[in-house]
Amino acid sequence: MKKILLIEALANSGSYVLDAAAALDARVFVATHEDVYEGYPTALRDKIHGTVFTDLTDPDRALADLTAFAGTTGIDAVAGCWEFFTPLVAHLAHCLGLPGNDPLRAHACRNKADMAQALLAGRVPAPRTVSVHTAEEAAHALGRAGIPFPVVVKPAEQGGSWGVSVVDSPERLDSAVRLARSWPVAAPHGLPMDQRVVVQEYVPGPEFSLDTVAWRDKYFHLPLVEKHTTGGTFRAETGHTCPAALTPAGLDALRTAAEAALRALGIRNGVAHTELKTAPGRGPVVIEVGARLPGDHLVDVVRRASGIDEARAYLQAVLDEEPDVPEPRRGACAIRFLTPPRAGTFQGVTILGRHDALVGRHITTPAGTAVGDAHDNSARIGHLVFTAPTPAQVNADAARALAHTRVEVS
């Protein structure tokens, strides 16, 4: 029986990894903090064979502790769920002589400032980017680089659209930079965050995500996903649709751009979540890449749409087995996130009428909870999942159901 060391399971994709390991008849040992483990849901704990506690905020100590544990336990593969720990996953796999990504470039998969430099060096089509600490630095750097407004301001290290804003004038840079620097430490581990701020040219056009399993420098692409976001200053993700309706030529162009990004970042054994836009008159542009499984329950969305289990394929790659990524079956799936219409006290969700395409309803916020404005993904109170034969049909069905959905706030 194979043994997998998973560095932190308390993530959106953690349960999918554990389920995939069970299907592969593999045992999973989880590395985490003892206090974080105490907060694991019982259902998650029940899927874990064993644990090893270390300080994941101290890479040198964690690498030593986990190397020793892997040696005595006989670990066959190293995997991860949290983007912030993907460098540790790469370094540990390298130390153990197991399949993984290039440890020398792994930090650029976590840090968007370093990622921009790696993509530039690899001649990957990506937004022009400057990295700064203050609004004054940002104004000067944008002028030197010739980057016009609007621009996107984001933290060098963060996820979930936290701290991200679209800025249309120099006068709004100060508040945007302060917002991007609002998370000096990542919960629940207490991991210090790089306080640099990334400022990028705004790229218009539709947005997509493409997940890719890498094995021995070969790329196995999963179906392309269409991303839905809010407009205006804050661009929180409101949902996803799989597969995205795109021409074969358009899909090939996005795949080519994603592969160039993976090569630039040293992603060679594992999984990557690439976010891209198709800019008018410019073609594919890589926005960013994560060397991890996707969040937002996209593992489930892609599996429902295509029949492909991305978590299983990921574990096969790090176990040095050819990933099982067959041709996708015909079908479509959409997820839509529910957010409060305003700040207040959440009372509940009402969906009027019958909606046959609705196959999953998950309300994650208890009634009586105080909720805020939907500036980022933390405002979500739940999500709805839909399936249909085609992307156009599932988008229409989702829109119809949302039009009859009321998020009640007092």
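## Sheets, aromatic pairs and a buried threonine

Strands S20, S18 and S22 form, in that order, an open three-stranded sheet with antiparallel pairing. Strands here are DSSP runs of type E with at least two residues, and helices are H or I runs of at least four, both numbered from the N terminus. Two strands pair if DSSP finds at least two bridges between them. The edges of this sheet are strand S20 (370–371) and strand S22 (405–409), each of which pairs on one side only. Strand S18 (residues 344–351) is joined to S20 by two bridges, and the two strands run antiparallel. Gly344 stands opposite Val371 in S20.

The model is predicted: local features need pLDDT of at least 70, side-chain atom pairs count only at pLDDT 80 or more, and totals for chains, interfaces and linings use all residues. Residues are numbered from 1 along each chain as its sequence is written, and side-chain values use heavy atoms, with hydrogens and water left out.

A second open sheet has four strands in the order S5-S10-S6-S7, again with antiparallel pairing. Its edge strands, each pairing on one side only, are strand S5 (129–132) and strand S7 (165–167). From one strand to the next, the twist averages 25 degrees. Angles run from 0 to 180 degrees between N-to-C directions, with axes fitted as lines to C-alpha atoms, for helices over the stretch in contact. Strand S6 (residues 151–155) and S7 run antiparallel and are joined by three bridges; Val153 has Ser165 in S7 as its bridge partner.

Two helices are placed against these strands. Helix H7 (residues 135–145) packs on the sheet and touches S5, S6 and strand S10 (197–201), its direction making about 155 degrees with that of S5. Helix H8 (residues 173–180) lies across S6, S7 and S10 and runs at about 30 degrees to S6. Contact means heavy atoms within 4.5 Å.

Six aromatic pairs are found in a search of the whole structure. Rings of Phe, Tyr and Trp (its six-membered ring) pair if their centres lie within 6.5 Å; planes under 30 degrees apart count as stacked, over 60 as edge-to-face and the rest as tilted. Two of the pairs are tabulated.

| Pair | Centre to centre | Angle between planes | Type |
|---|---|---|---|
| Phe29 and Phe69 | 5.8 Å | 65 degrees | edge-to-face |
| Trp82 and Phe85 | 6.2 Å | 35 degrees | tilted |

Phe29 counts as buried because its relative accessibility is 10%, and Phe69 is buried at a relative accessible area of 17%. Buried means under 20% relative accessible area, exposed over 50%, and partly exposed in between (1.4 Å probe, protein chains only). Trp82 and Phe85 are both buried.

Ring pairs also link Tyr37, Tyr40 and Phe53 into a cluster. Over the ring of Tyr37 sits the charged end of Arg45, 4.4 Å from the ring centre. Arg380 lies over the face of Phe337, 3.5 Å from the ring centre. A charge sits over a ring if NZ of Lys or CZ of Arg is within 6 Å of the ring centre and within 35 degrees of the ring normal.

Thr212 is in strand S11 (residues 207–215) and counts as buried, at 0% relative accessibility. Its side chain makes a polar contact with the side chain of His221 (2.9 Å). A polar contact is a pair of N or O atoms within 3.5 Å; within protein, one must be able to donate a hydrogen and the other to accept it, and residues adjacent in sequence count only if both atoms are side-chain atoms. Leaving aside neighbours within four places in sequence, Thr212 is in contact with residues including Tyr219, Phe220, His221 and Leu262.
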